[in-house]
Amino acid sequence: MLEDGIGDEELLPAAVLFPIVRRIGGPTVLLTQRTAHLKDHPGQISFPGGRCEPTDASPAHTALREAAEEIGLAAAHVDIVGYLPEYLTSTGFRVTPVVALVTPPFELQLDAFEVAEAFEVPLTFLLDPANHQQHSLHYRGRLRHYTAMPYGEYFIWGATAGIILSLWRALAKG
């Protein structure tokens, strides 16, 4: 997947965990809201994840490490089920989404520097095309188009919405 506005710049490798929580009432997706002071994507809704470190053996290792660091999600609760296509961002990242099933009960321990909040959204809401809105904004001198999925007080857009759409496309083909 390619975000609108990608050029030929060098992209940093990153990975995110796409955590689908096995809830009795139906699966949910665990998301975070980043703190407002961060340099990259301040205040935005995101998946747990970040840059790949040289010591990370794989994108799955990066995603699990970052989820543990950011929200305290223990790997013992996480079953990796696959990967979505790389997502290239206009902010300089080449993101590998790692899809996983998360088994409750679990307790989260948020890193207050990076994460303002963690919350869950029903997977059915995120995969329903009726909730996929088209928006545009001026960024770096160009009009850019993107999809958003507003949910209550949360505005899910950017790479997070793009990765959710990637899962939606994969399931629609399936």
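**Group meeting: contacts in a predicted model**

Let me start with Phe119, which counts as buried at 8% relative accessibility (buried means under 20% relative accessible area, exposed over 50%, partly exposed in between, with a 1.4 Å probe and protein chains only). Before I go on, a word on the source: this is a predicted model, where local features need pLDDT of at least 70, side-chain atom pairs count only at pLDDT 80 or more, and totals for chains, interfaces and linings use all residues. Residues are numbered from 1 along each chain as its sequence is written, and side-chain values use heavy atoms, with hydrogens and water left out.

So, which residue pairs with Phe119? A search of the whole structure finds 4 aromatic pairs, and one of them joins Phe119 to Tyr154, stacked at 3.7 Å centre to centre with 5 degrees between the planes. Here, rings of Phe, Tyr and Trp (its six-membered ring) pair if their centres lie within 6.5 Å; planes under 30 degrees apart count as stacked, over 60 as edge-to-face and the rest as tilted. Phe119 sits in strand β8 (residues 115–122) and Tyr154 in strand β11 (residues 154–156), so the pair ties together parts 35 residues apart in sequence. Helices (H or I, at least four residues) and strands (E, at least two) are DSSP runs, numbered from the N terminus. Tyr154 is buried too, with a relative accessible area of 12%.

On to charges. The structure holds 6 salt bridges, each a side-chain nitrogen of Lys or Arg within 4 Å of a carboxyl oxygen of Asp or Glu. One of them brings Glu120 and Arg23 together at 2.6 Å, N to O. Glu120 lies in strand β8 and Arg23 in the loop between β1 (12–21) and β2 (28–34), so this pair ties together parts 97 residues apart in sequence. Glu120 is partly exposed at 25% relative accessible area, and Arg23 is partly exposed at 34%.

Now please look at Arg65. Is Arg65 buried or exposed? At 17% relative accessibility, Arg65 counts as buried. Arg65 has a salt bridge with Glu66, closest N and O atoms 3.1 Å apart, and another with Glu69, at 3.2 Å. Glu69 and Arg65 are 4 residues apart in helix α1 (residues 59–71), which means about one helical turn separates them. Glu69 is partly exposed, at 41%. Asp56 joins in as well: Asp56, Arg65, Glu66 and Glu69 are linked in a network of salt bridges.

Last stop, helix α3 (residues 158–173): its buried residues include Ile163, Ile164 and Leu165. Thanks, everyone!

Notes
Expected span 1.5 Å × (residues − 1).
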